[in-house]
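Q: I would like a close look at one part of this model. Please keep the account brisk and connected.

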Amino acid sequence: MAATSATTAAKKVVETAVQTFSKAGSLTQFGVPSLAPRGLRKDPKSRLPVTPTKVVLHEYAPSRYEDHYYTTVRDDVMYMNYTHERVPRPPRREIRLKFDPEDPYSKYRKNFSVGGDAQVVRELPPPDTPENVTRLERIQIHTMVKQAVQSRQELVGAIMAVRALSGETSKGGGLHAVEGVQITKGKRPVGGWIRPNIPVGAKVDLKGHSMYEFMSTLVDFVLPRLRDFDGVELPYAGSNMHKMSSVSGVVAMGLPPEAMQFFPQIEVNYGMHIHFVTNATGVGAQDRARALLSGFQIPFTRTSR
């Protein structure tokens, strides 16, 4: 009898709850009407949905080259490039500007320091600390198609090849830190066939996980299969080291169209340039960047003059 009465009481509770929710209609448990479902706003250019919140894409698998940098290369680069300074550096000498910043006639001009590049190429690097060890910030890939000057349709193949290599699209994954594949345009007339604002190529910047993935593909698959590639050329001994490229911390190399067939992502042949951008600055910045890349097994060779 007790079990029968308990079952009857439970049925009454369930029936009462069903009647209450059926009368409430679209009301929730807080008594607030539910909003009608709406689709995501679409980007008018790409026609892709835009998420209402910022999407941050993290790594989806461990990166062997990134772990190699933090466990081995960073300590070695710190040891190779470290310069002990016994006394603090004197304060930096203020270089006189070319125009008076208080002059209203030259207030909005580009006010370079007197001496121009001669002052920049002699600027000392920052003191060596564990926080500013040379590291790879981004890798830029860009290619140029001469036929695009006559027909813009020739850029389609280059854009698809760069997309396949990098895995990046414009605003891919919602609001993204990388701009994706960009179309490069001419800045000034060159040789009568490149004109300003004419599309001539495509480029993409790689950061984070995708940067190290491209590095591993380049070192493990492409460079060992190149027959006539001895390494990235170094300047000959005795060359002038006080140049703008020497203090930029950027190492550039080019790959011929024949090298594209060794990338497992693509099957078309386009030559491209690769720029390894580091955080090194000051005198000898490019040498520190080369030392960092040598830790990733990228070969270098020096040619005689």
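Which residues of α2 are buried, and what covers them?

A: This is a predicted model. Start with the helix itself. Helix α2 covers residues 64–81. Its buried residues are Y65, E66, Y69, V73, V77 and N81. The cover over these buried residues includes α5 (208–222) and α6 (285–294).

Now the geometry of α2. At 1.5 Å a residue, its 18 residues should span 26 Å. The end C-alpha atoms of α2 lie 24 Å apart, which agrees. Helix α2 also bends, by about 45 degrees, at V73. V73 is itself one of the buried residues of α2.

Next, α5, which is part of that cover. The 15 residues of α5 should span 21 Å at 1.5 Å a residue. Its end C-alpha atoms are 21 Å apart, so expectation and model agree. Of these 15 residues, 11 are buried, so α5 is largely enclosed by the rest of the structure.

The structure holds 1 cavity of 30 Å³ or more. The largest cavity has a volume of about 50 Å³. Its lining consists of I141, H142, T143, A161, V162, L165, M260, Y270 and M272. Strand β3 (136–144) and helix α4 (155–166) each supply at least two of the lining residues. By type, the lining divides into 7 nonpolar and 2 polar residues, with no charged ones.

Notes: Residues are numbered from 1 along each chain as its sequence is written. This is a predicted model: local features need pLDDT of at least 70, side-chain atom pairs count only at pLDDT 80 or more; totals for chains, interfaces and linings use all residues. Side-chain values use heavy atoms; hydrogens and water are left out. On a 1 Å grid over the protein atoms alone, a cavity is a set of points where a 1.4 Å probe fits but cannot get out, and a pocket is an open set with protein on both sides within 12 Å along at least five of seven lines; lining residues have an atom within 4 Å of a point. Grid points are joined across faces, edges and corners, and a volume is the space filled by probe spheres set on the points. Helices (H or I, at least four residues) and strands (E, at least two) are DSSP runs, numbered from the N terminus. Ala, Val, Leu, Ile, Met, Phe, Trp, Tyr, Cys and Pro count as nonpolar, Asp, Glu, Lys and Arg as charged, and the others, Gly among them, as polar. The expected span of a helix is 1.5 Å times one less than its number of residues. The bend at a residue is the angle between axes fitted to the seven residues ending there and the seven starting there. Buried means under 20% relative accessible area, exposed over 50%, partly exposed in between (1.4 Å probe, protein chains only). Contact means heavy atoms within 4.5 Å.
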